[in-house]
Amino acid sequence: MKQLYFKISLVLILFSFNYATAQDVKVTLGPDEVGENQGWTITVTVQNERLRSYDNFPDIDGFRKRGTSTQSTTNIVNGQMSSSQSVIMTYFPLRQGTFTIPSFSMKVNDQTINVTGKKVKVGPAVQQRDPFKSFFDSSPADDFFGREETEFVDVKDDAFLAITTNKDEVYVGEGFNTTLSFFVSADNRAPLQFYDLAKQLTDILKKIKPNDAWEENFNIENIEGETVTINGKEYTQYKIYQATYYPLNAEPIVFPSVALEMIKYKVARNPSFFGQNRKEDFKKFHSKPKTVIVKELPPHPLRDVVAVGDYKLTESMPSTKLETGKSAAYTFSVYGEGNISAIEKPLVQDNDNFEFYDPNVRQDINRDNGRVTGTKSFNYFLIPNEPGEFKLGDHFQWVFFNTTKRKYDTLRSKITVHVSGESRKNEAIQSTDLGSFYDRIDTANNTLQALEDKSWMKVAFNAFILVVLGASAYLVFKK
């Protein structure tokens with residue numbers, strides 16, 4: 001009995017192995033020449049496997065997508081069963097001419113297929129088949145297998161496109177979350193599918209992105225449905241774009257109405273087992289315009305430069321026991337919710353007790369669950385000049401507008417340092433060396449003096465030239 005189970009298991013394993021190795025995916029391009037009134041196709045075929053997923057078909061210049069159709073076949077030869085599933089995208093020419101189909105790649109069932117392009121010639125319209133078929137042009141089997149002309153009907157959809165914000169009114173610099181989503185009701189029965197979303201989204205963002213606002217983009221890569229309830233009705237929300245905006249001035253932020261084209265399938269009035277039961281069509285969904293009111297911040301001397309948000313302070317120092325003349329590190333970190341990129345360093349003033357150096361800055365930004373949070377750290381080096389006990393809060397303060405309290409707030413250091421050592425007030429610090437030339441300026445003689453008479457050198461030099469010329473003339477005449 002055990003041997004029988006073993007043999008059966010072995011046969012099943014070998015069958016599975018052969019079936020797996022027989023799986024094949026291919027993409028086939030249509031003919032090289034079609035008439036202006038004929039369709040041209042790209043066909044994706046999967047052998048011995050279910051067609052689970054595939055990428056969007058490419059856009060082709062000079063052609064218009066008209067929709068997809070599917071077909072499947074099953075063959076049994078000598079007891080061996082094979083099957084195939086295909087999806088066919090039909091393109092219709094927009095005009096006559098020769099068009100180049102560029103090379104492209106498609107992901108089918110998680111497998112990338114590279115397709116080599118080619119040229120397609122679109123000629124004049126060709127004569128179509130006579131629509132009046134005789135009785136002998138068809139067979140009863142056509143009706144049984146659903147090969148007669150199928151009537152498709154439009155199913156009313158229960159879906160909409162919307163631009164939503166989590167706030168209707170904000171202060172200048174205060175963030176508000178904006179989402180572009182497609183909502184589909186749980187009661188919807190119309191088959192819908194996204195169409196060429198990347199290209200459409202690029203055009204949509206050009207219209208809705210405000211010019212006078214800082215953007216923190218959530219960079220949605222995978223569109224996944226999320227169940228939400230609106231007015232007591234259940235919907236699936238598909239977030240297409242999400243960002244938090246921080247207005248730079250008091251002008252209202254206006255999001256205009258935008259359109260998203262979706263694939264909406266028509267369904268067969270009388271579905272058949274073997275025939276095509278749905279047909280691809282297109283529909284545009286339009287969002288409603290949305291306006292966010294922006295208010296000025298309350299009066300304050302630093303109104304135009306302060307950060308806006310809900311922030312806290314965290315600080316650190318390796319040791320609070322310092323020595324004069326020796327540098328020490330201090331970190332002032334602001335964390336919370338708001339425009340982290342707009343946070344400026346604390347205003348620190350030099351004084352006789354310390355020397356402060358410009359800080360090293362580090363920032364971390366998190367975009368999650370519709371919120372922008374993060375930390376901005378300022379790492380300072382300071383040198384104590386005087387011994388004593390000092391509160392760093394007298395030197396490190398950071399003013400911001402608190403969106404939770406709706407008023408200005410200040411983050412102040414709570415660290416107290418103890419400095420030991422000698423005072424450095426009387427130390428002479430020479431920042432530059434002027435050199436020995438400048439050192440001699442005060443001792444140099446500044447009395448005007450006449451230049452020395454060196455005319456005798458000119459006479460001697462002229463006499464030497466005459467002697468040379470005379471000797472040269474003597475030698476020439478002697479020869």
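Author: In this predicted model, Arg406 forms a salt bridge with Glu174, and the closest N and O atoms of the two side chains are 3.2 Å apart. Arg406 sits in the loop between β29 (397-402) and β30 (407-412), while Glu174 sits in the loop between β12 and β13 (176-185), so the pair ties together parts that are 232 residues apart in sequence. The two partners can also be described by their cover: Arg406 has a relative accessibility of 40% and therefore counts as partly exposed, whereas Glu174, at 2%, counts as buried, because buried means under 20% relative accessible area. As a general point, side chains of opposite charge can pair when their charged atoms come close.

Another of them joins Lys290 to Asp168, with the closest N and O atoms 2.7 Å apart. Lys290 lies in strand β21 (residues 290-295) and Asp168 in the loop between β11 (159-165) and β12 (169-171), so here the parts tied together are 122 residues apart in sequence. Asp168 is partly exposed, its relative accessible area being 48%. A further salt bridge is formed by Arg362 and Asp364, whose closest N and O atoms are 3.5 Å apart; Arg362 is exposed, with a relative accessible area of 54%, while Asp364 counts as partly exposed at 36%. Salt bridges that share partners also join Asp154, Asp157, Lys264 and Lys283 into one network.

Elsewhere, strand β24 (residues 328-338) is mostly covered, as eight of its eleven residues are buried. Strand β22 (residues 307-316) runs antiparallel to β24 and is joined to it by eight bridges, with Tyr311 standing opposite Gly336 in β24. Strand β27 (residues 371-384) is also antiparallel to β24, the two being joined by ten bridges, and in this pairing Glu337 stands opposite Thr373 in β27. In a regular strand the side chains alternate between the two faces of the sheet.

A further antiparallel pair is made by strand β7 (residues 104-108) and strand β8 (residues 111-115), which five bridges join; the bridge partner of Met106 in β8 is Ile113. The hairpin of β7 and β8 has two residues between the strands, and Asn109 takes a positive phi near 50 degrees there.

On the surface, finally, Phe461, Phe464, Ile465, Leu466, Val468 and Leu469 form a nonpolar patch, with about 610 Å² of accessible area together. Leu469 lies in helix α5 (residues 455-478) and counts as exposed, at 53% relative accessibility.

Note on methods. Residues numbered from 1 in each chain as written. Predicted model: local features only at pLDDT ≥ 70, side-chain atom pairs only at ≥ 80, totals over all residues. Heavy atoms only, no water. Salt bridge = Lys/Arg side-chain N within 4 Å of Asp/Glu carboxyl O. Helix = DSSP H or I, 4+ residues; strand = E, 2+ residues; numbered from the N terminus. Buried < 20%, exposed > 50% of the residue type's maximum accessible area, 1.4 Å probe, protein only. Pairing = 2+ DSSP bridges. Patch = residues over 30% accessible without salt bridge, like charges linked within 9 Å, V, L, I, M, F, W, Y side chains within 5 Å. Areas by Shrake-Rupley, 256 points an atom, 1.4 Å probe, with all protein chains shown as cover.
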